[in-house]
Amino acid sequence: MRPVAGAAPLEAVSPPEPIRPASPKARRRREALEGYLFLCPALVIIGLFYVYPALYSFYVSLFRWEVVQEAFVGLRNYAHLLHDPDFGHSMLLSIVYVAGSVPIEIAIGLALALLLHQGLRARAFFRLLYFLPYITSQVALSLVWGWIFNAQYGVANAVLRLVHLPPQGWLLANNGASSVWQVASGGHLHAPDAAPPSLALASIMLVTVWFYVGFHTVVYLSGLSAIPTEVTEAARIDGAAGFSLFRYITFPLLTPTTYFLLIIATIGAMTSFNIVYILGGGGVQAGCGGNPLETTKVAALFIFDRFWCQTELGYASAAAFVLSLVILALTVLNVRAVGRRVAFAD
Amino acid sequence: MVRFRLTSLGMVLLLAACGAQPNSSTASTAAPEEAVTITFWHGQSGVLGQRLQALVDQFNSTHKIHVNASFEGSYTSGQLQQKIVAAIQAGTPPDLAQVPGPADAAQFVKANAVTPVQQFVDSPDGFSASQLKDFYGPFLDDNRLVVKGKKELVSWPLSKSVSVLYYNPTIVQQAGVSSPPRTWDQFQQDLLAVKRSTSAVPLEWTPDLYYFWAAYMRGNGGDILSGSLDKAAFNNDKGIAALQYEANLVLSDKTAVVTKGFDWQNDFANGKVAYSVSTSVSLPYIEQAMPASGKFQIGEASLPAGSVKAGNTLFGNNLLIFNKAPQNHQRAAWLFMKWLTDTDQTVAWALASGYLPLRTSGLNSPTYQQKVAADPRLSVPLAAVSSGAEGVQASADWNKIQPILNDMVIAALAGRKTPQQAVSDAADKVNTILSGY
């Protein structure tokens, strides 16, 4: 290029450095950093409201702690828990509560989902109807059920009287649920048999099943929708129908959903509080933390009672920690027993 | 010369000030009121909350001190207690709070969270010995706890009630019973008479350790805990006999029906029940539950007596000052408490709430006497107080002991354990708690 007259001479400019692509390691580091930054808000919330309280609760459990912190006792609270028949009884009631409600609510949820999956008319209406309890306040529902089960004025006993059956104590009945057909007078305490669940706990389990069935139904409906139609069509061509189709195709392909629901429902039942507190104890009706004879005092209610009613903060924190270990053990059991049997369509 | 006279005058005034009686409560020796705002947590909801607020508003309009009163949860179900515990943990307790009784006060004393009111009682703002005598002795005793080896007034009474026996006069007359039972044996016979002669339920109530295991036992000279509050004192023939008596009513005589919470009130109000046991505050609630067509005059009597006395139990709530409050707030809280329990106010609160007037001058006031003349039942609970009512023992572990004793009662009434076994098991658990495992 010819220089323009009078213009300053052009300086030689060295060519720009070629852009080197980032090394895979650097790129991965940057992507990981971006990922962590996006996770930060959630991690902060989980850390503040879950992890920190759990760790602090363990700290509290190492002390004799009533209204204020007292002496350091190490693991003495845990040692006392192991020998506390009330805590053992509460854990047993929790296991009974889980065993008596979780399988039933999952089974009914599956049955309802299968019916709704048939392409019925007003399917959306029924889906809403079954899901309604789940989205309603547990406290409000429990208060209503409390009146339904009221031994003197409740609908439940009114129905029993209508069909000439003896009225029951329901939430007052500390006798075993198996003795429900024995002659008894509503509202009376009478000599119970010892095996749980009591009729009081069984009544609470009934309400629990009714509350959660809708959730299981909706999740199973989603699981059923995810089953590829080609698989079921191929099975029909091979002659499968009705129960055999369900047994060999539908149910195995629903195992991921069942596995998920089993874990969620078990954890939920082990930590269940609202329904049990309102119906089975707590407040003016039945004392601070449990009904008479404590046949409904599941683990969460035991912890509430020891923490708030008896102001044994250290002891209750130890109980909460032990409960979390038991739930962890049950979850691991679920993973080993059921997780391995999970099947997918592809 | 002038300087000498002024100095002499000053010395005279100084000597006069030194000679003033510290216990006199004349306005001239008490410091003037300071304009401060204090927080007051209480557990009265609904109508009682409104009536308490009316008294607070009256105080605020006539004093420099301003009281911010707030309902923080029911005191009967433990909600207020839970709030207070949380506030102490957080270092933000109110200046003044209502507490259920001496056991809760004992817990807060143990946590070093309380300023005992004794210092205010003994101060120029307090009472002379003769003025203190105007208060019913059991109500003040209910607020005395041992602090650093010395028994003193820790809290101050506000709302007091006592366990009483309610009865339906029509039903008991039908059964040929002419007067309320004076002894427990007579009560048992009266219940059998009702069962024989009428279709009513003889006794319906929600049992716990107070109604009426403790009443029976204390009436016969027993007690729940030892005097030093360090071991169970009920694991003996008195404690067993008290439980056996109740169990017999339910399981053998079948004259008693057990209910939950306040369910017994509906049946009693509907004229289906002859006797029930509750506190003196329950009367207006039962009357409210009566159907328009079935109203009747409810009978009220002291619980039957044992060999020593009628073991009526004191209930209600007291007031407590927290030591986190600044000194001037604590004094203001005391002045408010003192005003609230003055003769006119205790009468107003008693008539508004159904609790008892705290002072003899309250009972003898023209206003209250007018009410007693119109309804002689109002004098029954105070007579029960004077015949030896006592509250729960001031053990800081009481909230742990109470559910054990309640379960003991229910286990025996449900036939799950014999009274002897129930008492023995409960005593073991209570002793474990008191030993501070």
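Into which domains is chain B divided?

1. Basis of the note. This is a predicted model, in which local features need pLDDT of at least 70 and side-chain atom pairs count only at pLDDT 80 or more, whereas totals for chains, interfaces and linings use all residues. Residues are numbered from 1 along each chain as its sequence is written, while chains are lettered from A and ligands numbered from 1 in the order in which they are written.

2. Domains of chain B. Chain B is divided into domain 1 (31–160 + 315–386) and domain 2 (162–314 + 393–434), the bounds coming from an automatic or database domain assignment. The C-alpha centres of these two domains of chain B lie 28 Å apart. Across the boundary, 21 residues of domain 1 of chain B are in contact with 19 residues of domain 2 of chain B, two residues being in contact if their C-beta atoms, placed from the backbone, lie within 7 Å. On the domain 1 side, the elements of chain B that give two or more residues are helix 4 (102–110), strand 11 (314–321) and helix 18, and helix 4 of chain B gives the most, with six residues. The residues on that side divide into 14 nonpolar, three polar and four charged; here Ala, Val, Leu, Ile, Met, Phe, Trp, Tyr, Cys and Pro count as nonpolar, Asp, Glu, Lys and Arg as charged, and the others, Gly among them, as polar.

3. Helix 18 of chain B. Helices (H or I, at least four residues) and strands (E, at least two) are DSSP runs, numbered from the N terminus. In helix 18 of chain B, which spans residues 379–386, B:Val380, B:Pro381, B:Leu382, B:Ala384 and B:Val385 are buried. A residue is buried if 20 or more other C-beta atoms lie within 10 Å of its own, exposed if 12 or fewer, and partly exposed in between, with C-beta atoms placed from the backbone. The cover over these buried residues includes helix 7 (137–141), strand 6 (156–167), strand 10 (299–301) and helix 16 (360–363) of chain B. After helix 18 of chain B comes B:Gly388, with a positive phi near 110°.

4. Two helix pairs in chain B. The axes of helix 2 (residues 46–62) and helix 15 (residues 343–353) of chain B come within 10 Å and cross at roughly 165°, so that helix 2 of chain B is roughly antiparallel to helix 15 of chain B. Axes are lines fitted to C-alpha atoms, for helices over the stretch in contact, and angles run from 0 to 180 degrees between N-to-C directions; angles under 35 degrees count as roughly parallel, over 145 as roughly antiparallel, 65 to 115 as roughly perpendicular and the rest as oblique. By class, the contact of helix 2 with helix 15 of chain B has five nonpolar, two polar and one charged residues. The axes of helix 19 (residues 398–413) and helix 20 (residues 419–434) of chain B come within 9 Å and cross at roughly 170°, which makes helix 19 of chain B roughly antiparallel to helix 20 of chain B. The contact of helix 19 with helix 20 of chain B comprises twelve nonpolar, no polar and two charged residues.

5. Chain A. There are 14 helices and two strands in chain A, and buried residues make up 36% of its 346 residues. Helix 4 (residues 123–131) and helix 7 (residues 199–225) of chain A pack at an angle of about 140°, with their axes 7 Å apart, and are therefore oblique to each other. A:Arg127, A:Tyr130 and A:Phe131 of helix 4 of chain A make this contact with A:Val213, A:Gly214, A:Thr217 and A:Val218 of helix 7 of chain A. A:Leu199, also in helix 7 of chain A, is buried, with 24 other C-beta atoms within 10 Å.

6. Backbone points to check. Most residues other than glycine have a negative phi, and most peptide bonds are trans. A cis peptide bond joins B:Tyr211 and B:Phe212, with omega about 0°, and B:Phe212 lies in the loop between strand 7 (201–205) and helix 10 (213–219) of chain B. A:His164 has a positive phi, near 60°, and counts as exposed, with 6 C-beta neighbours inside 10 Å. B:Lys148, in the loop between strand 4 (144–147) and strand 5 (150–153) of chain B, likewise has a positive phi, near 50°.
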